[in-house]
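Hi there,

Here is the structure I promised to pass on to you. Please open it next to this email and follow along.

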Amino acid sequence: MMTYIQGLPKVELHLHIEGSLEPDLMFDLAKRNQITIPFNSPEEVEAAYQFDDLQSFLDIYYQGANVLIHEQDFFDLTWAYLLRCQQDNVIHTEIFFDPQTHTARGIAFETVINGIDKALKKGREELGISSQIIMCFLRHLDQDSAFETLRQALPHKDKIIGVGLDSSEQGHPPAKFQQVFEEAMNHGFLTVAHAGEEGPAQNIHNAMKLLGVARVDHGVRCVEDPQLVEQLIKDRTPLTVCPLSNIKLKVFSTMGEHNIVELLRQGLCVTVNSDDPAYFGGYMTDNFVAVAEALPVTFEELKQLSLNAIEASFITEEEKQQLVKKVESFCDTFHS
Ligand code: ADE
Ligand code: ZN
C-alpha cells in the first residue's frame with residue numbers, strides 16, 4: 001500500500017506556501033538577507049516545533065516568515081515546494097499565501113506574488129505541475145486591512161483564483177469578513193475559508209452562508225452538527241482536511257482518532273492535504289501514509305481521496321478529466 005500511495009497522482013488544495021519553509025532554507029535566507037533568527041541551527045529550529053494548539057504554532061510560523069524579503073526568496077521557497085510535489089507525484093496544487101504577513105513588514109505585494117507566480121510558471125513548464133494561487137486574509141487583523149489587501153491584489157487578478165481566510169479561528173468568526181468577501185466575489189474571486197479546525201461547527205455553517213465558500217478548509221468539527229454533515233454530503237461541499245496538522249495542533253489526540261475515513265465513508269467530499277508541511281512533519285505522501293497506517297482505509301478509498309481533490313479543484317472540467325485519467329491509469333496499472 002505504501003508503494004501505491006507514493007505513486008498515486010495527487011492534488012493538493014490546502015498548502016500555505018509560508019508553511020513549506022524548511023529550517024535549512026530558513027537558515028540560508030536568514031544569512032543571505034542578514035536577518036537574525038532566535039536559533040543556532042536548523043536542528044534547533046526543528047526542536048522548537050512542538051505545539052500546544054493553533055496559536056502556539058502561528059507565533060512561530062509568522063516569525064519564520066521574517067526571512068522572506070526579496071522576490072527571489074519567494075521564488076526559492078515556492079520552487080523547493082514544487083520539487084517536493086514532484087517527489088510525491090502531486091500533479092496539481094492550489095497554494096495559499098498570506099500577503100499581510102509580508103506587507104506588514106514593508107514587503108511589497110508584487111514582490112511576494114511575482115516570486116511565487118514565477119516559480120509556479122516554471123513548475124508548469126519544467127515539472128508539468130499545474131497550479132493556482134489563493135490569497136488569504138489574516139482573521140486576527142481587522143476587515144479594513146483585508147480590504148486594503150484586496151485592493152493591492154486587483155492589479156494581479158490574473159494570477160489569483162480566489163481568496164481565503166486563515167490564522168486564529170477562535171474569536172474571529174466568518175461574520176467579521178462578510179463585506180470583504182462579498183467585494184472579492186464581485187471582482188470574480190472564488191472563496192474558501194478555514195473553519196471548524198479549532199472553532200465550532202457554526203463557523204463552517206457561516207463560512208458557507210456568509211462568505212459563499214466553494215470549499216471549507218479543515219472542517220473536521222462538522223461532526224458536532226449532524227444537520228450540517230447532511231448538508232455537506234448533499235451539496236458535496238469539499239473539506240480540505242490536513243491529517244498531520246490536526247495531530248500536531250492537537251485537534252485530535254492521535255491519528256487513530258481522526259475522523260477523515262469516517263467522513264469519507266459517510267459520503268463527504270474530503271481531501272488530504274499538508275497545510276504547513278515544514279512545521280507538521282510531512283508533505284502529501286506522508287499525510288496519506290499517516291492516515292493509512294492509523295486507520296482502516298482501502299486502496300479504493302485512497303483513490304477516492306485523490307478523485308475528490310480533483311473534483312474540488314479550481315480548474316476547468318476538461319482539465320479535471322485529464323487529471324482523472326492520470327489517476328485511473330495509475331490505478332489500473334498498479335492492480336494489473
Ligand atoms: N495558517 C497557516 N496554517 C494555518 C492553519 N492550520 N490554520 C489557520 N491558519 C493557518
Ligand atoms: Zn491551513
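Which residues in H5 meet which residues in H7? Glu71, Phe74, Phe75, Thr78, Trp79, Leu82, Leu83 and Gln86 in H5 meet a set in H7 that includes Val112, Ile116, Ala119, Leu120 and Leu127; contact here means heavy atoms within 4.5 Å.

Before going on, a note on the model: it is predicted, with local features needing pLDDT of at least 70 and side-chain atom pairs counting only at pLDDT 80 or more, while totals for chains, interfaces and linings use all residues. Residues are numbered from 1 along each chain as its sequence is written, chains are lettered from A and ligands numbered from 1 in the order in which they are written, and side-chain values use heavy atoms, leaving out hydrogens and water.

Back to that first pair. Helix H5 covers residues 71-87 and helix H7 residues 109-127; their axes are 7 Å apart, at an angle of about 35 degrees. (Axes are lines fitted to C-alpha atoms, for helices over the stretch in contact, and angles run from 0 to 180 degrees between N-to-C directions; helices, H or I of at least four residues, and strands, E of at least two, are DSSP runs numbered from the N terminus.) The contact of H5 with H7 has 10 nonpolar, six polar and four charged residues. Here Ala, Val, Leu, Ile, Met, Phe, Trp, Tyr, Cys and Pro count as nonpolar, Asp, Glu, Lys and Arg as charged, and the others, Gly among them, as polar.

Next, look at helix H16 (residues 299-312) and helix H17 (residues 317-335), which pack at about 165 degrees with axes 9 Å apart. That makes H16 roughly antiparallel to H17, a word used for angles over 145 degrees. Phe299, Leu307 and Ile310 are among the H16 residues in the contact, and Leu323, Val327 and Phe334 among those of H17. By type, the contact of H16 with H17 has eight nonpolar, two polar and four charged residues.

Finally, find the zinc ion (ligand 2). His14 (NE2), His16 (NE2), His194 (NE2) and Asp275 (OD) coordinate the zinc ion at 2.0 to 2.2 Å; donors are N, O and S atoms within 2.8 Å of the metal (3.2 Å for Na, K and Ca), and water is not among the atoms, so sites may look incomplete. His16 sits in strand S1 (residues 10-16) and His194 in strand S5 (residues 190-195), so this pair ties together parts 178 residues apart in sequence. The spacing of the donor residues is H-x1-H-x177-H-x80-D.

Enjoy exploring!

Notes: Parallel < 35°, antiparallel > 145°, perpendicular 65-115°, else oblique.
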